[in-house]
Amino acid sequence: MVVRRNPTALGVVDADGEAYEWQRAQVLRLARHLGYAVIWAAEDSLLPLVDQVRAADVDVVIVSSTDQVDALTLNAVMSVVPVESVCPRMSFARWGDTRPEWRG
């Protein structure tokens with residue numbers, strides 16, 4: 001595990017999109033506003049996004065658009081970290097543990 005000075009975000013942008021640089025700039029802007037340093041997701045990775053999140057050991061995922069993640073991927077990532085979206089501006093909280101605590 002890497003010890004970092006600042007909270008970190010995994011930035012996710014559409015590598016095939018027309019506005020790639022603009023999307024990166026918007027993710028960086030939101031990350032800076034929220035107080036995160038950005039680590040970029042590997043565009044050529046064969047790992048699912050949730051596994052990239054675990055491997056990077058980040059505090060949050062920031063996507064440039066909600067169109068970039070399907071519902072199953074969003075659900076999987078939210079089991080690990082919160083997700084922030086630039087456009088539309090939305091926050092998805094991390095799933096909490098809803099199981100009752102055993103007090104045997």
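**Polar contacts, a helix and a pocket**

User: Which residue has a side chain joined to that of Q68 by a polar contact of 2.4 Å?
Analyst: The side chain of Q68 makes a polar contact of 2.4 Å with another side chain (an N or O pair within 3.5 Å; within protein, one atom must be able to donate a hydrogen and the other to accept it, and residues adjacent in sequence count only if both atoms are side-chain atoms). This is a predicted model: local features need pLDDT of at least 70, side-chain atom pairs count only at pLDDT 80 or more, and totals for chains, interfaces and linings use all residues. Residues are numbered from 1 along each chain as its sequence is written, and side-chain values use heavy atoms, leaving out hydrogens and water. The partner of Q68 is S64.

User: How far apart are the C-alpha atoms of Q68 and D14?
Analyst: Along the chain, Q68 and D14 are 54 residues apart. Yet D14 is among the contacts of Q68 beyond four places in sequence (heavy atoms within 4.5 Å). The C-alpha separation is 6.8 Å.

User: At what distance does the side chain of Q23 reach the backbone nitrogen of D14?
Analyst: Q23 belongs to helix α1. Q23 is buried, at 13% relative accessible area. Beyond four places in sequence, its contacts are V13, D14, S64 and Q68. The side chain of Q23 reaches the backbone nitrogen of D14 at 3.0 Å.

User: Which residue caps the N-terminal end of α3?
Analyst: The buried residues of α3 (71-78) are L74, V77 and M78. They share one side of the helix because their arc is only 100° around the axis (taken from the directions from the axis to the C-beta atoms). At the N-terminal end, a side-chain oxygen lies 3.0 Å from the backbone nitrogen of L72. The capping residue is D70.

User: How many nonpolar residues are in the lining of the largest pocket?
Analyst: Of the 17 lining residues, those closest to the centre are V12, V13, A41, A42 and E43. β1, α1 and α2 each give two or more residues to the lining. Besides 5 polar and 3 charged residues, the nonpolar count is 9.

Definitions and conventions. Buried means under 20% relative accessible area, exposed over 50%, partly exposed in between (1.4 Å probe, protein chains only). Helices (H or I, at least four residues) and strands (E, at least two) are DSSP runs, numbered from the N terminus. On a 1 Å grid over the protein atoms alone, a cavity is a set of points where a 1.4 Å probe fits but cannot get out, and a pocket is an open set with protein on both sides within 12 Å along at least five of seven lines; lining residues have an atom within 4 Å of a point. Ala, Val, Leu, Ile, Met, Phe, Trp, Tyr, Cys and Pro count as nonpolar, Asp, Glu, Lys and Arg as charged, and the others, Gly among them, as polar.
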